[in-house]
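Here are my notes for someone opening this entry for the first time. Please read them with the structure on screen.

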Amino acid sequence: MNLEQLFKQNFPSFDFIFDYPLANKSYFKIGGNAEVYYAAKNRQEVIDLLVFCKKQNIKYNILGGASNIIIADEGLTGLVIGFDFNELKIVEETQDKIICQADAGIKTSVLVAKIAAKGGSGLEGFIGVPGVLGGAIYNNAHYLKDLISDNLIQVEVFDLEKEEISLFTREKCQFAYEQSIFQTNKSLLILSAYFELKKISPDIAKEKVRAAIEKRELTQPLDLPSCGCVFQNPANNEQLKKLFPQFSEAEFVPAGFLIDQAGLKGSKEGDVQVSEKHAAFFVNLGQGKAEDVKKLIHRVKTVVLEKFNVILKEEVFYLT
Ligand SMILES: Cc1cc2nc3c(=O)[nH]c(=O)nc-3n(C[C@H](O)[C@H](O)[C@H](O)COP(=O)(O)OP(=O)(O)OC[C@H]3O[C@@H](n4cnc5c(N)ncnc54)[C@H](O)[C@@H]3O)c2cc1C
């Protein structure tokens, strides 16, 4: 029995899509087809499908909003599962704070806007982060010095190995800049997250959201397909402080600044280019391929290492 028959037979009511073009879904407009794609309507569907994949030894990939990934040109075998559930619940609201629970499939921008409208403050800077909450928690999304985990209390997790749902405290999630336990333990799936937000005037929260949108529009190449910042900002060190005293107090030096200083703005491989507007972004000028992205990543890493003795590390994730 082939994969299509196997899924149809075991989940007859699920509307799977076979040979689904993932490039359409990705922000970068890059990547081949998924052998099987399914947008899960609730957490039980996610659990049932992934337990099935585990038992049948079928490869799977989790897809959030597809804004921080490079999908292989040859496509993905097995199942690609998206999270199409996106509820936001207010768990507690007082004069001083709001505690909410948001599903992994909610768009990050929708969560931020809805919470700001209620006067919840702390997430405003994340308004322009594309994708969904699951993806934002996976990489611990950042905006300037803020991390999405700063206001997070706990994450609802399904552990595929143990086949159980539990709540992970912030500490247990091992959050740091661009890091979380979900990157190292692939059997952990993010189902939802709880945030505790300070209560301020909704008008002030909405104004902070507006200011964050404006700042992004000025600095980022939002008119072209991209995967956002390709590299993590490297940790500062004595040598970099001497070279760039303007960052002497900073913990990290912006990767985009180093790429710009290395003269790489506008560099191209095929149709993939280091953005002219923001050197940390790679943009797809039309027919970009994952192979072009990889070649450009290699070139940028090589030049930055030669010029500044800095090893750049990818912020994006590869789905293969
Ligand atoms: C224009 C632009 C601006 C951006 N600005 C920022 C920014 O300011 N700050 C920032 O940090 N990032 C930024 N990014 C990068 C990206 O948008 C964020 O990291 C975003 O949070 C990724 O979410 P996603 O849903 O798209 O994740 P995806 O790209 O779909 O997935 C990323 C990873 O998370 C895993 N994953 C997704 N959901 C789950 C889940 N429920 N359980 C377990 N694993 C899961 C996937 O398997 C994958 O490995 C930007 C990108 C673009 C294109």
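1. Start with helix H2, residues 43-56. H2 lies across E2, E3 and strand E5, which spans 76-83. The helix runs at about 165° to E5. Keep in mind throughout that this is a predicted model.

2. Now look at the sheet. Four strands make it up, and the sheet is open. Their order is E1-E2-E5-E3, with mixed pairing. Strand E1 (17-21) and strand E3 (60-63) stand at the edges. Each has a single partner strand, so one side of each is left without a neighbour in the sheet. On average, neighbouring strands here are turned by 40° against each other, direction ignored.

3. Take one pair in detail. E1 and strand E2 (residues 33-40) run antiparallel, joined by four bridges. Which residue of E2 is the bridge partner of Phe-18? The partner is Val-36.

4. Next, the domains. The protein chain is divided into domain 1 (3-83), domain 2 (88-212) and domain 3 (221-314). The centres of domain 1 and domain 2, taken over C-alpha atoms, are 24 Å apart. In the contact between these two, domain 1 has 13 residues and domain 2 has 14. H2 returns here: with six residues, H2 gives the most to the side of domain 1 that touches domain 2. By class, that side of domain 1 has seven nonpolar, four polar and two charged residues.

5. Then a helix pair. Helix H3 (residues 108-117) and helix H6 (residues 202-219) have axes that come within 8 Å. The axes cross at roughly 150°. Angles over 145 degrees count as roughly antiparallel, so H3 is roughly antiparallel to H6. On the H3 side, the contact is made by Val-112, Ala-113, Ala-116 and Ala-117. H6 brings Pro-202, Ala-205, Lys-206 and Val-209. The classes in this contact are seven nonpolar, no polar and one charged.

6. Finally, the ligand. How many residues are around the ligand, and which come nearest? There are 33, and Gly-64, Gly-131, Gly-134, Gly-135 and Gly-228 come nearest.

7. Where does the shell around the ligand come from? E3, helix H4 (133-138), strand E9 (142-143), strand E13 (188-199) and strand E14 (226-229) each supply at least two residues. H4 gives the most, with four residues. By class, the shell divides into 20 nonpolar, 13 polar and no charged residues.

Terms used. Residues are numbered from 1 along each chain as its sequence is written. This is a predicted model: local features need pLDDT of at least 70, side-chain atom pairs count only at pLDDT 80 or more; totals for chains, interfaces and linings use all residues. Two strands pair if DSSP finds at least two bridges between them. Axes are lines fitted to C-alpha atoms, for helices over the stretch in contact, and angles run from 0 to 180 degrees between N-to-C directions. Two residues are in contact if their C-beta atoms, placed from the backbone, lie within 7 Å. Angles under 35 degrees count as roughly parallel, over 145 as roughly antiparallel, 65 to 115 as roughly perpendicular and the rest as oblique. Ala, Val, Leu, Ile, Met, Phe, Trp, Tyr, Cys and Pro count as nonpolar, Asp, Glu, Lys and Arg as charged, and the others, Gly among them, as polar. A residue is near a molecule or strand if its C-beta atom, placed from the backbone, lies within 6 Å of it. Domain bounds come from an automatic or database domain assignment.
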